[in-house]
Amino acid sequence: MTPTTPEKTDTPTPILVVKDLNVVFRVKHHAVPIIKNISFNLFPKQTLGIVGESGSGKSVTALSVMKLIDTPPLLHMTGQILFQGRDLMTLSNRQMQPLRGKELGFIFQEPMTALNPVLTIKDQLVEMIRNHLKVTRREAVDRAVSLLTEVGMPNPGQRMRNYPHQLSGGMRQRAMIAMALSCNPKVLIADEPTTALDVTIQAQVLELFRTLQEERQMSLLFISHDLRVIAEIADQVMVMRDGKNIESANVDRLFHSPIRAYTRELLGLIRYQ
Amino acid sequence: MFQSKWTYIGAVIIAVFALAAIFAPWLAPYNPYDMRLAEQLSLPTLEHFMGQDANGVDIFSRLMHGARISLSVGVIVVLISGTIGITMGLVSGYYGGWPDTILMRLVDILMAFPGLLLAIALVSVLGPNILNVVIALTVLGWVSFARLVRGQVLSVKEREYIQAARTSGQSDARIMVVHIFPNILSPVIVQATFSVAGVIIAESSLSFLGLGAPPGTPSWGAMLSEGKQVILEAPHVSIFPGLAIMLVVMAFNFLGDGLRDRFDPKSTIN
Amino acid sequence: MMISENILECTDIIKHFPVRGGIWRKGRNRIHVLNGISLTIHKGEIMGLAGESGCGKSTLAKAIVNLSPPSAGQILYNGRRVSLDSAREKKRFYKDVQMIFQDPFASLNPRHKVGGIIGEMLRIHGASPADTENAVLLALKDVGLDSSALDKYPHEFSGGQRQRVAIARALVNHPKLLIADEPVSSLDLATQHRIIELLKSLKSRYDLTVLFISHDLNLIADFCDRTAVMYMGSICELISADQLLTHGRHPYVRALIDSIPISDPRMRMKKRTLVSGEVPIAGDLPTGCAFHPRCPHRFDPCDVHTPRLRSLTADAHQVACHLY
Amino acid sequence: MLLYIIRRLLLLIFVLFGVVTLVFMLIHMIPGDPVDIMLGDHAIAADRKLLTENLGLNQPIHLQYASYMAGILRGNLGISIHSKRPVTDEILERFPASVELMFGAMVVALIMALPLGIISALKPYGIIDNSSMLISFLGISIPNFWLGPLLIILFSIQLDWLPINERGGIEHLILPSITLGTAMAAMLSRMIRASLLEVLNEEYVRNARAKGLPERKVILKHALRNALIPVITIIGLQVGVLLSGAIITEAIFDWPGLGSLLLDAIYSRNYPLVQGCILFIATIYVLVNLLTDLTYAWVDPRVRLE
């Protein structure tokens with residue numbers, strides 16, 4: 001999957017279209033715009049990397065696609081989020097539920113806090129599977145085991161009976177990924193999935209993301225503050241800075257001939273190391 | 001915000017009661033010991049707008065003098081037990097080791113007695129009077145401060161600015177006083193406020209049981225205890241002292257709640 | 001820069017923490033965090049200490065400054081055994097040896113003004129108010145802050161500025177040895193770059209010796225003269241920093257280097273030798289070489305004998321691995 | 001988990017040992033001659049001699065302590081002065097009444113606190129939240145020795161729905177249980193609200209929603225289950241408030257429980273009985289705390305599988 005091919009996919013219709021997304025938070029009685037007119041497309045089987053420093057609004061963008069931003073602090077959200085042509089903005093929370101996890105998978109940054117500490121990995125996996133798929137408990141458990149194997153969890157049958165606090169950082173993140181993939185979502189959104197990991201584990205997880213995407217032909221929205229990680233994984237890149245889309249481009253063009261000064265500055269910093 | 005206006009209301013109520021307590025001898029319309037048996041249990045009238053108790057004493061005057069006892073006991077006990085508790089908690093939390101284990105085991109033992117039980121036992125042995133109440137409540141009170149401060153110190157002392165202080169060559173004592181203490185002060189102040197409320201309830205409970213202020217003294221608990229005997233024919237004798245206790249205790253609870261929100265914004269949710 | 005005698009010598013530093021295993025299994029289950037570290041730092045050099053989380057690099061730093069004294073082993077500062085029993089000894093040692101920490105938001109007392117935070121370091125050594133005032137202003141200027149910072153509280157500064165205050169505090173008494181425990185890890189890239197430049201200039205101006213701890217091999221390679229790489233409580237390789245990324249020999253060090261994401265999509269990670277598995281959680285040390293369960297080049301002696309640091313070439317490049 | 005239990009049991013034995021020692025010292029803190037105080041100064045010499053021997057006050061202190069401890073191990077808490085009956089029997093006679101009252105108060109507390117706490121966390125700053133905040137403030141602030149008489153005035157005198165005192169059927173239990181349970185209900189609802197609000201902000205709750213689970217399941221299975229764990233410890237501690245509050249509530253309603261037995265013993269200077277009651281109540285509290293700790297450890301896997 002080399003990034004050199006300019007247009008990743010042949011079919012032009014994107015699976016996810018975000019148009020003029022505006023998100024405003026209420027902070028101490030006044031409205032603070034967090035996301036300002038963000039637009040991007042995500043094509044099937046493509047990885048879109050969103051990069052920006054902390055506070056650039058990249059995580060809020062990811063959460064807005066899932067419509068998971070709580071009120072407070074959310075004041076209002078405008079624009080369009082078209083998933084397979086259907087505008088999620090018009091959907092109520094109840095209507096969003098069948099999509100979340102089934103069509104749109106989400107992976108959080110801190111696996112330690114994103115897994116329920118009092119439920120085993122097996123419970124949390126089986127719960128998700130049986131919530132979306134009409135399968136017996138037995139089938140769900142088997143599916144869970146195969147998922148954990150797919151994400152590289154050693155002896156999954158035994159491991160999955162553990163609680164999150166009994167697993168290492170890498171293992172927990174693999175469990176998170178297995179959970180997010182359990183119902184074969186068409187789009188997987190990963191919010192800084194490797195930031196909390198050591199560099200050797202991060203490399204393993206990035207490799208896992210690449211193989212999974214190829215085997216499962218799914219689209220990936222990958223959020224990170226680290227341009228080097230984006231270089232390893234993304235086909236298309238959007239650079240964000242305090243809520244605005246500074247520059248969007250194919251990963252190869254962005255790294256070799258960046259247009260905006262801010263992008264060059266970011267690239268300069270990592271190349272210096 | 002719900003809390004903030006109630007905090008000020010709390011502060012105002014406390015101020016009013018404090019003034020009543022300080023200026024009781026001058027402001028109170030009647031002498032709290034002046035018995036007029038002829039007018040016993042009379043309902044509120046213009047002269048005695050809270051009525052008179054079983055001995056014909058003006059209830060409002062007794063309440064004002066009662067404020068003096070309740071508030072002073074509350075403040076004194078919290079000040080003494082606070083000082084003891086903070087010092088023990090600070091030293092034991094900072095140094096750890098066997099002094100810490102000894103303190104914690106002592107705390108475990110004292111904590112094994114539910115709330116008032118030990119106070120009741122101590123007062124029943126030492127003899128029922130206000131001084132013994134103060135002693136008993138102080139013996140109990142310092143434990144909660146020690147536990148709170150020890151817990152705070154254990155978390156603060158791992159912070160990097162304390163490790164920096166420990167590598168600056170200054171003495172442990174200075175680190176505790178200059179660096180640790182200011183950073184554990186806010187939860188202690190919040191605890192102190194709630195403790196005053198707790199002590200006021202404890203003092204009046206003991207007096208209600210006849211183990212605190214002897215009958216006849218202008219203590220809210222004693223007044224309620226007397227009121228219980230005549231509850232059928234003169235309920236008003238119980239109503240007013242109970243109201244006073246409730247108002248003061250609620251005021252301190254509001255104040256404590258508000259202080260906690262102001263000091264620890266994260267906790268505004270509860 | 002002539003590197004003469006040693007400023008700090010650690011020999012066989014061991015540190016283990018008792019696990020609350022209960023009364024019976026007291027002896028058996030202890031987490032071994034340092035398993036015999038011997039390290040010498042020459043006067044005037046920047047010594048790197050690299051490794052992933054849990055390898056014990058911060059514990060070693062804390063052992064050196066006696067924040068958490070080692071369970072065994074010896075530390076010599078300027079050839080003399082470090083003993084901090086009396087207040088006088090403590091003052092003398094901490095005048096020469098200072099430490100800066102990772103989290104700028106936690107390393108400054110939130111209730112003290114910046115003037116007090118830095119001034120305190122001088123008052124402890126009995127400086128007069130006038131001298132203190134001047135020294136603090138000088139220290140602030142050294143780190144690029146002006147006198148307006150004196151009366152401000154830490155929460156009024158950005159992460160980068162706070163780290164500058166921490167550096168000013170550490171250097172105001174002109175120490176000889178500065179231990180920096182991941183000083184820039186929690187800062188964004190641009191600020192990291194500026195703080196590293198600041199440390200470089202202060203190091204040369206005050207002829208400091210620095211022990212620089214980081215998990216970022218690129219940063220170590222650029223900033224340090226020499227570096228040790230740690231894995232599960234022991235040093236697996238000692239190498240000059242500029243050769244780290246190119247001449248690292250130990251399989252774990254090779255894996256670390258291969259794992260660093262490369263900032264060029266064209267060199268995207270094909271199937272480079274990725275190390276498998278992870279550091280065991282409970283810290284129960286594998287027999288022989290600690291890395292053998294995850295090592296692609298494992299062979300017979302690896303899980304039996306623990307390899308010792310052996311020098312490979314003239315310039316004191318040492319590796320602890322049976323392959324060499 | 002086994003180690004946790006063993007450690008807790010060892011601690012329990014130590015604490016009980018400390019409690020017994022403290023209670024033993026109580027008698028020796030009486031200013032003046034304990035026998036005079038207990039029997040009053042006009043008692044005849046025979047009774048005085050009998051009491052002195054009975055309490056072993058004529059022996060050196062360490063022997064007294066040893067025999068006291070030995071007695072306790074055999075379940076003998078000495079003889080009650082006036083009734084001349086073993087203290088243990090008098091205590092066990094009154095114990096069921098206290099348990100009934102405590103149970104009633106606990107039920108009242110949980111019925112009030114659980115719904116109020118949960119709803120006000122799910123709809124913060126709503127009407128229910130604000131009103132429950134006010135109610136809980138009232139609950140904490142109204143002393144039970146005022147609430148009791150008020151309830152009596154209202155329900156017994158004015159409305160005459162409920163009997164005033166003595167123990168009997170359920171209707172006798174209602175007012176005392178409410179009096180005793182309100183303070184606990186107030187404290188508990190605040191704790192449940194705080195704990196649930198904190199858990200609702202956790203990432204695993206947001207993750208549960210991201211998994212597409214229905215909101216009902218997110219709240220019940222993920223949020224509430226984690227939120228109620230710390231509440232267990234608080235319930236354990238609140239039992240202490242109930243135990244001491246029961247003493248007063250029993251006094252108000254003449255409820256024939258341990259509390260009123262203790263008070264009568266104090267008023268009549270019957271120190272062996274005072275000693276016995278205090279020791280018994282404290283032991284109950286220590287055992288309840290142990291039970292709460294073990295339940296907490298069992299429910300929270302992070303502790304269970306330490």
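How much area is buried between chain B and chain D, and what percentage of it do carbon and sulfur atoms give?

**Entry 1: conventions.** I am working on a predicted model, in which local features need pLDDT of at least 70 and side-chain atom pairs count only at pLDDT 80 or more, while totals for chains, interfaces and linings use all residues. Residues are numbered from 1 along each chain as its sequence is written, chains are lettered from A and ligands numbered from 1 in the order in which they are written, and side-chain values use heavy atoms, with hydrogens and water left out.

**Entry 2: the B–D interface.** I looked up the opening question and found about 4400 Å² buried between chain B and chain D, with 81% given by carbon and sulfur atoms. Buried area here is the accessible area (1.4 Å probe) that two parts lose on being put together, summed over both. I then listed contacts (heavy atoms within 4.5 Å): 49 residues of chain B touch 51 residues of chain D. Among the 5 pairs of chains that touch, chains B and D have the most contacts. For chain A and chain B I found no contact, and their closest C-alpha atoms lie 11 Å apart.

Entry 3: I searched for salt bridges, each defined as a side-chain nitrogen of Lys or Arg within 4 Å of a carboxyl oxygen of Asp or Glu. Between chain B and chain D the count is 1, and the pair is D257(B) with R190(D), at 2.8 Å from N to O. I also counted 6 residue pairs in polar contact between these chains, both residues at pLDDT 80 or more. A polar contact is a pair of N or O atoms within 3.5 Å; within protein, one must be able to donate a hydrogen and the other to accept it, and residues adjacent in sequence count only if both atoms are side-chain atoms.

On the side of chain B that touches chain D, helix 9 supplies the largest share, 12 residues.

**Entry 4: chain C overall.** I recorded 9 helices and 12 strands in chain C. Its radius of gyration, taken over C-alpha atoms, is 21 Å, close to the 20 Å from the globule rule for 324 residues, so chain C is as compact as a globular protein of that length. The rule is 2.2 Å times the number of residues to the power 0.38. The C-alpha trace spans about 70 × 55 × 40 Å along its principal axes. Of the 324 residues, 53% are buried, where buried means under 20% relative accessible area, exposed over 50%, and partly exposed in between (1.4 Å probe, protein chains only).

**Entry 5: salt bridges within chains.** In chain C, E45(C) and R226(C) meet at 2.8 Å, N to O. E45(C) lies in the loop between strand 2 (30-42) and strand 3 (46-50) and R226(C) in strand 9 (residues 226-231), so the pair ties together parts 181 residues apart in sequence. Both residues are buried.

E247(A) pairs with R253(A) at 3.9 Å. E247(A) is buried at 5%, whereas R253(A) is partly exposed at 31%. Finally, I found K36(A), D242(A) and K244(A) linked in a network of salt bridges.

Key
Helices (H or I, at least four residues) and strands (E, at least two) are DSSP runs, numbered from the N terminus.
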